[in-house]
There are 4 protein chains.
Amino acid sequence: MIVRIGGAGVCRTDLHVVEGLWRDKVQVALPHVLGHENAGWVEDVGKEVESVKRGDAVICHPLISCGHDLAARRGDDMHSSGGLFPGLDSNGGYAELLRTGERSLVKLPRTLAPKDVAPYADAGLTAYRAAKKASRHLLPGEFVVVIGAGGLGHIGIQVLRALCAAEVIVVERSPDALALAKEMGARHGVAADGNEVQAVLALTDGKGAEAVLDFVGEGGSVNAGIAMTRNAGYYYVIGYGGEIRISTMDMVASEKTIVGNLVGTYAELVELMALADRGKIRLATQYYRLAEANRALQDLRAGKVRGRAVLVP
Amino acid sequence: MIVRIGGAGVCRTDLHVVEGLWRDKVQVALPHVLGHENAGWVEDVGKEVESVKRGDAVICHPLISCGHDLAARRGDDMHSSGGLFPGLDSNGGYAELLRTGERSLVKLPRTLAPKDVAPYADAGLTAYRAAKKASRHLLPGEFVVVIGAGGLGHIGIQVLRALCAAEVIVVERSPDALALAKEMGARHGVAADGNEVQAVLALTDGKGAEAVLDFVGEGGSVNAGIAMTRNAGYYYVIGYGGEIRISTMDMVASEKTIVGNLVGTYAELVELMALADRGKIRLATQYYRLAEANRALQDLRAGKVRGRAVLVP
Amino acid sequence: MIVRIGGAGVCRTDLHVVEGLWRDKVQVALPHVLGHENAGWVEDVGKEVESVKRGDAVICHPLISCGHDLAARRGDDMHSSGGLFPGLDSNGGYAELLRTGERSLVKLPRTLAPKDVAPYADAGLTAYRAAKKASRHLLPGEFVVVIGAGGLGHIGIQVLRALCAAEVIVVERSPDALALAKEMGARHGVAADGNEVQAVLALTDGKGAEAVLDFVGEGGSVNAGIAMTRNAGYYYVIGYGGEIRISTMDMVASEKTIVGNLVGTYAELVELMALADRGKIRLATQYYRLAEANRALQDLRAGKVRGRAVLVP
Amino acid sequence: MIVRIGGAGVCRTDLHVVEGLWRDKVQVALPHVLGHENAGWVEDVGKEVESVKRGDAVICHPLISCGHDLAARRGDDMHSSGGLFPGLDSNGGYAELLRTGERSLVKLPRTLAPKDVAPYADAGLTAYRAAKKASRHLLPGEFVVVIGAGGLGHIGIQVLRALCAAEVIVVERSPDALALAKEMGARHGVAADGNEVQAVLALTDGKGAEAVLDFVGEGGSVNAGIAMTRNAGYYYVIGYGGEIRISTMDMVASEKTIVGNLVGTYAELVELMALADRGKIRLATQYYRLAEANRALQDLRAGKVRGRAVLVP
């Protein structure tokens, strides 16, 4: 299955791969083509493929799975064994063409073009899955904190607004991102200035939020995030780079839950596309030509990208 | 509401209170009567009490709650605010009589005597709640590890056997406790000798268990427990004293969940009594007279108690 | 506990009581004061009451429960035994003062006045609970049908919009109500003209909706409602008067689920008030003086009430 | 994918197909080979098949699905569109060889032979799925009624025992089947003699059971089954032939739920095999040679089969 790339998202994980952060988890053989957020048009299909045809606009689920092990049969694609993750352990979408599998392709509704949705394939899907998990237990009158309103966080806020009625509080260092977060539906903005725990407690009767989604996952965000989680509440780890450190006694006395989050399933990517199709979520994107990939990565590292960077042909 | 004590469980938490471990969490005024695992007979009731009468055999839920805040109205007794926890923040059951509230009393079926069930009030209820949470997602063909087959662990094993069909693997230092665990229904016993992670991986296709219940929560058990949890699996913290330390990247890449566990609800104590009534769980107990309370505590500290120690009149 | 009535909702169930439809379910002793949707101000409290005080604005959960049986302890107030339901089996709120219990009172946020919220106590709570049940399984890209956009239905539409991202299709006879439904957030309106099943199938790829909420429950709505439910979907019965009739073979082959719905819990009334407080739902109301109660009932029977009728002092 | 049949279960649905009961649901072209409960050994595989190889002992999930539609991607195999159901809409396993698909095959553990497990493919899987649904909400101290302890029912009883701690009450006409049911773990046996509703109410404090699994689904079982379901409880329809008829008012006032049940997923068949492998369920079978298929069907119709009939080579 070959897909002609219409858009390839540029992700902080790409920087992490370059920096060697994933060295222990996956083997990257050089030369390596980055790019795990891909969308485009079907260019060529195998003989037995029936679900898509040449020319169809598609977004690619980041994992290519065989579909035969038990995790896959339960719909839990990310924990299927033996799959490939283009851009991480095989060649990705910073290219004109991408080799992928039939099982990875989600057909796009006519309202959505590949270059507009590429970052949903991983960043969007990750934010969606975490926000969906939280929305399963968040009730009206409850609170949810989003730490970090960048590329993933600003999608997470919109998904929370679409899937539940809890009040969204955003914790963020950048005043610009905080302003954007409020546009996206956050009710309260809190500056990440070292007093954010007190600020969140003040907004939540001194008890903290029923759910905290941490899109930063490093620096002070972990301790702060757990501290602003209410007893019996849930702290969702999405960003990474830092460390969780908490006594078992505090875990027991508070009965908190700490949840790791990893991308999402094929079906969840279909759900996310439905949200985008209905206009319930929108993406702030900044385009670069494929030949400018290195500049895009440098801009991302320098914090110059607003929303998500996308490479286009 | 006054209850004449028929049995008062002696718990490791009592030692922790003496040692000052709970100093930051609750205020203990001296002199203080320990004892938060209480059962007996209703001695005296207030005018408006209708649900029990003098002479009824009862077990006491450890928390006295008002019943009017939102957590209580949702059945989430342990997270109700403003309650009392006799033996911890008010006088407990190392005594002839205990002052408690109508909302704390569960009537005992005729098959169960107070001195036989007292440890269920806290130790049993804690083990039950954690095992019940795990049983909600454990499917036939899956694995559950119980770390520590002592007072709580041996109840946890039996509850798991009653509520789900997952295979139970017990990790335990003491050969005696390991033998007891197998009698209680564990399928595999693993010595906690430093190689327990490898041993559990070998039993689970190299992938780990879908759920790990850690009744130790200190020393090497925390790292080992998280390591033997399968990707997308759940690590339940029940014992305490140690520390959880894990990188956010490992949490994300593995999508594991870490769950704190705190006693259980009133309804869960009713459920636990139903299990005991039907003979699905039994308790290894060792009796001491009330006057021998100090000796019981010393035996517990010295590791000389098999199962649970109970003070009787 | 005495509440001075600020608003008493007039409900179709009141007509059903007059007509004798409830004769088999509850004993109504004459003279009888109707009124089970009550809100007002605390007038007098018993000695031991701590959760409210004289003057507090409150809405009354329709059931007065003791709080001591197992259903109540699990938060399942409606299935608690031995409670009273003022207006149905004891005197209700078509009056200046209402006798109720501390456990029935939900304090109102300052944004909400008793006369504006009274119908939420039963009509709103019933619609909320059914919509909440459906929202638990409705995913983005899925469909939910609301049959009947009257007093309950127009609340149900708004709750669905607040709690999930499924597309709402409204089936309704009255063009006015259909227009109102679209204002409230329904995406598609379908005339209940005998072709509604075909119309819904046409909107849902020929497969039907994942959830159908039937606020009519009589006449053709039952057969139509089940027919427009997708295989593996849920048909929620809220309105009553008619009959469900379906072969066991159709139930098996379609794997549909039929769900009865009865008011809601105390905690759900708190959640509903949070939605109203945040402006996520609003109520179309028409006021009558208490002395005009009979006229209000007649208008309701004649179909002259838009939204809900409320009696005020 | 070709499977050499080692065992083909003979099912009441085969009689129903002969009788024309399924005429409205599926097109059966004559000549037609019955048999939808198949197990055997892989005889021949296509080029790209990797998950099984020639000689593997397998049980066949009854539905051959493509795996590409959204239901399949969520693991909901039975509601995948466009699949084939050998024995119903294509040729089945009353034969030496069966044509099926890679996605249908579950490898058998070494403890299980094809002829011993064939009836699990449909009868067992159906009973498993319904019992699993019920076990998700059944708590210790609660009751579950099994109506009909025949081919499916006796599996259902064992699954309930394995997956939850609720007390099992069996309602059954045949004293022999009732005796078998008690061996399988039912605590109470009730004769289906017209007084079964009263008998079940007497065993359940006058309130009925939290779950009723109706493996009969015709004659008096439907009305009786719904009547013996407790308020807020669940009535599971598994057998068919009769009709459900209940007023919407009764559904609303009781808040009961009626659940249709259709076979089960691929993953659930894996789970069921794990139960069989561990000895948690066993099957009463009666063997016939393939050439005696007609006699097996006649014996089944005449009520002469104890447990399940299985055709062997």
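Which residue of chain A forms a salt bridge with Asp77(D)? I will come to that after a word on the model.

This is a predicted model, in which local features need pLDDT of at least 70, side-chain atom pairs count only at pLDDT 80 or more, and totals for chains, interfaces and linings use all residues. Residues are numbered from 1 along each chain as its sequence is written, chains are lettered from A and ligands numbered from 1 in the order in which they are written, and side-chain values use heavy atoms, with hydrogens and water left out.

The residue is Arg73(A), and the closest N and O atoms of the pair are 3.3 Å apart. A salt bridge here is a side-chain nitrogen of Lys or Arg within 4 Å of a carboxyl oxygen of Asp or Glu. The interface of chain A and chain D has four salt bridges by that rule. There are also eight residue pairs in polar contact across this interface, both residues at pLDDT 80 or more. Polar contact means a pair of N or O atoms within 3.5 Å; within protein, one must be able to donate a hydrogen and the other to accept it, and residues adjacent in sequence count only if both atoms are side-chain atoms.

On the side of chain A that touches chain D, helix H2 (70-73) and helix H10 (266-277) each supply at least two residues. H10(A) has the largest share, four residues. Helices (H or I, at least four residues) and strands (E, at least two) are DSSP runs, numbered from the N terminus.

In contacts, meaning heavy atoms within 4.5 Å, 14 residues of chain A meet 14 residues of chain D. The area buried between these two chains is about 1400 Å², with 50% from carbon and sulfur atoms. His68(A), Arg73(A) and Arg103(A) supply 46% of what chain A buries there, more than any other three residues. Buried area is the accessible area (1.4 Å probe) that two parts lose on being put together, summed over both.

Now chain A and chain B. Here 39 residues of chain A are in contact with 39 of chain B. The two chains bury about 3300 Å² between them, 58% of it on carbon and sulfur atoms. Thr248(A), Met249(A) and Glu255(A) give 22% of the area that chain A buries against chain B, more than any other three residues.

Between chain A and chain B the count is eight salt bridges. In one of these, the side chains of Arg245(A) and Glu243(B) meet at 3.0 Å, N to O.

Two strands pair if DSSP finds at least two bridges between them. Within E11(B), Glu243(B) is the bridge partner of Ser247(A).

Strand E9 (residues 209-214) of chain D runs parallel to strand E10 (residues 229-237) of chain D, joined by five bridges. Asp214(D) has Val237(D) as its bridge partner in E10(D).
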